[in-house]
Amino acid sequence: MANPTVGILHPGSMGAAVAACAATNAAAVLWCETGRSTASVERAAGFGLSPVATIAELLDRSDIVISLCPPAAAEDLARDVAGHRFAGMYVEANAINPVRTQRIAALLAPAATVVDGGVVGSPPVGGKTPTLYLSGPADATARIEALFAGTAVQAAVLGTQVGQASALKLSYAAFQKTSRVLVALAVGMAREHGVDQELIEVASRRTDSYLAEPEYVAKTAARAWRWGPELEEAADALAAAGLPSEMLRAAASTLARWDDAKDDGELTLTDALDRLAQP
């Protein structure tokens, strides 16, 4: 599949940037502008993606489709794609648990070939180089590796089992995102007693402690609308593995207190902690 045409579904900040990297080795990268926000239109244009009028046109023209959307929408989106009888390669790159990924693969089979994907890291802009972990049929994952060769997205194949990439993504998210929530709670409690600066000083004596980075609390709050559903997915994966899921569900519940801070780049640490303390 030399120079395939690629379609990106719901290009958010991560999806649009990943799609732009795919453009390096693609004939074209398409996205459907119908029903999308002004911000989405501007973002897609900024990354040089080519608009089409309908999802049907995108699917008809695409050899490879990449799905990067909020976790809750992943199966509905795949169901829409299946309804159009898409027969190309479908990269399920959302932060969903392995069981849901496998359901999507079954939904799209046998017409489409499904590759399980999990992005770890920040969007590939400004010198950042996230890793796109892949699992699924060997020939299919090799094609996705080739699609991102020489770009800021580092593709890495984990194996041939659909679900492996999703499991790795959620395993990492379970630790990284819950750790950031714990930082917010610890700093919030210390602030209530006037010892927050002392807490940060104690943490700074330890190597690589998230607690020494309280400024990240505001970023956590701005991303809470995405992180909460990811942690719910991770909790489901824990439960499926026979492991306790209560900690991650509690972290997701805590993040929900910041839902109204969606993508607020002006939020300060004080603002974030004040919102967290509200009932």
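Biologist: Which residues lie nearest the centre of the largest pocket, and how many residues line it?

Modeller: In this predicted model, the lining of the largest pocket comprises 42 residues, and those nearest its centre are S13, M14, P123, R226 and E230. A residue belongs to the lining because it has an atom within 4 Å of a point of the pocket. The space in the pocket comes to about 1200 Å³.

Biologist: Which elements supply at least two residues of that lining, and what is its division into nonpolar, polar and charged residues?

Modeller: At least two lining residues each come from α1 (13-22), α2 (38-46), β6 (113-120), α7 (164-192) and α9 (216-240), with α9 giving the largest share, nine residues. By residue kind, the lining holds 20 nonpolar, 10 polar and 12 charged residues.

Biologist: Why is T5 called buried?

Modeller: Buried means under 20% relative accessible area, and T5, at 15% relative accessibility, therefore counts as buried. Once neighbours within four places in sequence are left aside, the contacts of T5 are A27, A28, L30, R61, S62, D63 and I64.

Biologist: How do you know that the buried residues of α4 line one face of the helix?

Modeller: In helix α4 (residues 74-83), the buried residues are A74, E75, L77, A78 and V81. Viewed down the axis of α4, these buried residues fall within an arc of 160°, and so they line one face of the helix. An α-helix has 3.6 residues a turn, which means that residues three or four places apart point the same way. The cover over the buried residues of α4 includes β1 (5-9), α3 (55-61), β4 (64-67), β5 (89-92) and α5 (98-108). After α4 comes R85, with a positive phi near 55°.

Biologist: What makes a set of residues a nonpolar core, and which members of the largest one touch the most others?

Modeller: The residues must be buried and joined through side-chain atoms within 4.5 Å; the largest nonpolar core has 28 residues, of which I66, I144 and F148 touch the most other members. This core draws its largest share, six residues, from α1. Beyond four places in sequence, I66 touches V6, G7, I8, L9, V91, A93, L147 and F148. Another core, of 21 residues, lies apart from the largest one and has L58, C69, L77 and V81 among its members.

How values were computed:
Residues numbered from 1 in each chain as written. Predicted model: local features only at pLDDT ≥ 70, side-chain atom pairs only at ≥ 80, totals over all residues. Heavy atoms only, no water. 1 Å grid on protein atoms, 1.4 Å probe; cavity = no way out; pocket = protein on both sides within 12 Å on 5 of 7 lines; lining within 4 Å. Points joined across faces, edges and corners; volume = space filled by probe spheres on them. Helix = DSSP H or I, 4+ residues; strand = E, 2+ residues; numbered from the N terminus. Nonpolar A, V, L, I, M, F, W, Y, C, P; charged D, E, K, R; others polar. Buried < 20%, exposed > 50% of the residue type's maximum accessible area, 1.4 Å probe, protein only. Arc of directions from axis to C-beta. Contact = heavy atoms within 4.5 Å.
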